[in-house]
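Hello! Here is the structure we talked about, with some notes to read alongside it.

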Amino acid sequence: MGACLALCSLASCASCLCGSAPCLLCGCCPSSNNSTITRLVFSFFLLLGTMVSVIMILPGMETHLRKIPGFCQGGTTIPGIENKANCDVLVGYKSVYRMCFAMTCFFFLFSAIMIRVRSSKDPRAAIQNGFWFFKFLILVGITVGAFFIPDGTFHTVWFYFGVVGSFIFIIIQLILLIDFAHSWNKVWVEKAENSDNKCWFAGLLSFTFLHYALAITAVVLFYVYYTQPDDCTEHKVFISLNLIFCIIISIVSILPKIQEAQPHSGLLQASLISLYTMYVTWSAMTNNPNRKCNPSLLSLVSNISTTVPSGDSTTGQVQWWDAQGIVGLVIFLFCTLYASIRSSSNTQVNKLMQTEESGGSGGGEGVVGEDGIHRALDNEEEGVTYSYSFFHFHLCLASLYIMMTLTNWYQPDTTTQTMQSSMPAVWVKMSSSWLGLGLYLWTLMAPLIFPDRDFS
């Protein structure tokens, strides 16, 4: 009897995994929309690949990874660092490169397939919203094949793909944070205005103060620990410029003209963007190869001197993903999940993210098929609520960002000393922070520059 029940359960799971309607999560979320379930499952694929990448660089895994044919036989085969780096270190980095290469190819493939899908009536929508078992097999197959790619110039070329992709993804992260801050501020202000409870205003004020307090504290710590009186000129410029830019966007956000055009703009959004900007600044400075200007967090906590000895010494302990990498992964996780469930009424952000306004045709109860399986409500019969192609492209860029974060933006054709960090990473992150601040400033001023357009 138990065996029969088990077989029936497996049959139900098989119909979910191989069918064209998503029902994997419907048992837990019976009122979820088709579009939300699909994005959550694809995001789970990305997070699963991220977890595997993290495991690959954990201490002790190099022994198992070296068993893969072609991995560090007789020493490293990466051009430019023969006999200069420990093979036990490189196999972790090489594995992360290949794992993230597989995820990038997987999501890019679906991004190309899903171009110009307009509604769930398109035959390709069935591929988007179902057949999860076969999708998982495709991802596993690409991953296995990626580990047999010859070294050659693969890592060097893929490094530059990672730099460009990470630059774009940092911008997308900032756009998502702007959208989150706008939605957060709008919801709390409406609740405060529609009720006599002033706790909502107190909450907005508290979080705004907290964000600014953390940002100011970060600036002070940056000047104390990441600059020197006679050195670190770049850091002084980076910190000062971003501090000035954050002050500018804070002032602009509360100007009477801006408030008139956008009543929901305010200091909450500016404070959150300022705090994120300071994080990106810190992340950029931690990639500076000059250890005098880039003390490790461990040395700061334990008060150990990080003075670099004189001479052309290339020895040093390889630095795995550190504090800023962990914070980056947390922000990445938040933005990925938010991109999967977001439902925004911000027209500007919806245009940038290729999504429709909230409150479409969804919001009903999940349906139960003839087989008794809960299935998500198809809310995209009249039109998709998000661009399938752009969503996959976003996950494609996220895979490249994960690769660069976990490898500390390591450049394969450099020496062991610069294996921990590189100046291109510094400039990529700083330029992305400046472009992100410019985008936020644009969202504030666009309604004034083009008053005939709808920016609500």
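How are helix 2 and helix 6 oriented relative to each other? This is a predicted model, in which local features need pLDDT of at least 70 and side-chain atom pairs count only at pLDDT 80 or more, while totals for chains, interfaces and linings use all residues. Residues are numbered from 1 along each chain as its sequence is written, and side-chain values use heavy atoms, leaving out hydrogens and water.

Now the helix pair. The axes of helix 2 (residues 34–56) and helix 6 (residues 132–146) come within 12 Å and cross at roughly 25°. Angles under 35 degrees count as roughly parallel, so helix 2 and helix 6 are roughly parallel to each other. In helix 2, T38, V41, F42, F45 and L48 meet W132, K135 and F136 of helix 6 (contact means heavy atoms within 4.5 Å). By class, this contact has six nonpolar, one polar and one charged residues.

Five cavities of 30 Å³ or more turn up in a search of the whole structure; on a 1 Å grid over the protein atoms alone, a cavity is a set of points where a 1.4 Å probe fits but cannot get out, and lining residues have an atom within 4 Å of a point. The largest cavity has a volume of about 90 Å³. Among the 12 residues that line the largest cavity, I170, Y279, S283, Y401 and K429 are the closest to its centre. Helix 11 gives the largest share of that lining, four residues.

Happy exploring!

Methods
Axes are lines fitted to C-alpha atoms, for helices over the stretch in contact, and angles run from 0 to 180 degrees between N-to-C directions. Helices (H or I, at least four residues) and strands (E, at least two) are DSSP runs, numbered from the N terminus. Angles under 35 degrees count as roughly parallel, over 145 as roughly antiparallel, 65 to 115 as roughly perpendicular and the rest as oblique. Ala, Val, Leu, Ile, Met, Phe, Trp, Tyr, Cys and Pro count as nonpolar, Asp, Glu, Lys and Arg as charged, and the others, Gly among them, as polar. On a 1 Å grid over the protein atoms alone, a cavity is a set of points where a 1.4 Å probe fits but cannot get out, and a pocket is an open set with protein on both sides within 12 Å along at least five of seven lines; lining residues have an atom within 4 Å of a point. Grid points are joined across faces, edges and corners, and a volume is the space filled by probe spheres set on the points.
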